[in-house]
Amino acid sequence: MIALPSRRHILSFHCRVQFCSTMPGTFLFLFLFAFLAATAQTDVEQALEELNQRIDNAVVKKELPLLHTFYADDFVFTHGTGVVDSKTSWLDEVAKSTTRFISRLHDSTTVEVHDRLAIIAGRLLVTRQQDTGTAQYGIRYVRIYVKRKKQWQLISHRTVKEWHY
């Protein structure tokens, strides 16, 4: 006598077949979602990295109106020497005729984005003209940006290491 499969076995087989047939579609959906999320993150990170360099280009060119929009009103700049500047005191220093930056170039930056907050860590190589000649130095830093009114602004710069050439 041939034994027929029970109703429980038939339902179990049907569920397995149905799951296996939808599984590739589910994986494809999850892959596409993850890819699009990663791409969007990369675009934001790239924009922040470009803004980070643009700020220092504006410092070199003394573009004060532009810098007023890039720096938040509550900006704090902690130098490697321990000196702490506010937005006003830092921009006053940039505006001085005795302050002459030749270049401020970023290197080895990493960008970490958390919704309306971003952290950038990296190296900044600075060339500056002084009365005694050209000075070159590098710093390692951590910068914090916040998104306010649909615009990223720098709220904190902290130098964590400084070296001179």
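1. Two residues are said to touch, or to be in contact, when heavy atoms of one lie within 4.5 Å of heavy atoms of the other. In this predicted model, Ile55 touches Leu67, Phe70, Tyr71, Tyr145 and Leu154, leaving aside residues up to four places away in sequence.

2. Ile55 also belongs to the largest nonpolar core, which has 26 residues. Together with Leu48, Val59, Leu67, Tyr71, Trp90 and Tyr145, Ile55 is among the members that touch the most others. At least two residues of this core come from each of the following: helix H1 (7-61), helix H2 (64-70), S1, H3, S3, S4, strand S5 (133-148) and S6. Helix H1 makes the largest contribution, with five residues.

3. The strands form an open sheet of six, in the order S2-S1-S6-S5-S4-S3, and their pairing is mixed. Strand S2 (84-86) and strand S3 (100-114) each have a single partner strand, so these two edge strands are left with one side that has no neighbour in the sheet. From one strand to the next, the twist averages 20 degrees.

4. The parallel sense is found between strand S1 (residues 71-78) and strand S6 (residues 151-164), which are paired over four bridges. Within this pair, Val76 is placed opposite Ser156 of S6. Helix H3 (residues 87-95) packs on the sheet and touches S1, S2, S3 and strand S4 (117-130). The direction of H3 makes about 75 degrees with that of S1.

5. Which residues of H3 are buried? They are Lys87, Trp90, Leu91 and Val94. These residues lie on the same side of H3, because the arc they cover around the axis is only 95 degrees.

6. Strands S4 and S5 run antiparallel and are joined by 14 bridges. They form a hairpin, with two residues between the strands. Across this pair, Arg123 faces its counterpart Arg140 in S5, the two standing opposite each other.

7. Strand S5 is also joined to S6, again in the antiparallel sense, by 12 bridges. Here Gly138 stands opposite Trp163 in S6. This hairpin likewise has two residues between its strands, and Lys149 takes a positive phi near 50 degrees there.

Notes. Residues numbered from 1 in each chain as written. Predicted model: local features only at pLDDT ≥ 70, side-chain atom pairs only at ≥ 80, totals over all residues. Heavy atoms only, no water. Pairing = 2+ DSSP bridges. Axes fitted to C-alpha atoms, helices over the stretch in contact; angles between N-to-C directions. Core = buried A, V, L, I, M, F, W, Y, C linked by side-chain atoms within 4.5 Å. Buried < 20%, exposed > 50% of the residue type's maximum accessible area, 1.4 Å probe, protein only. Arc of directions from axis to C-beta.
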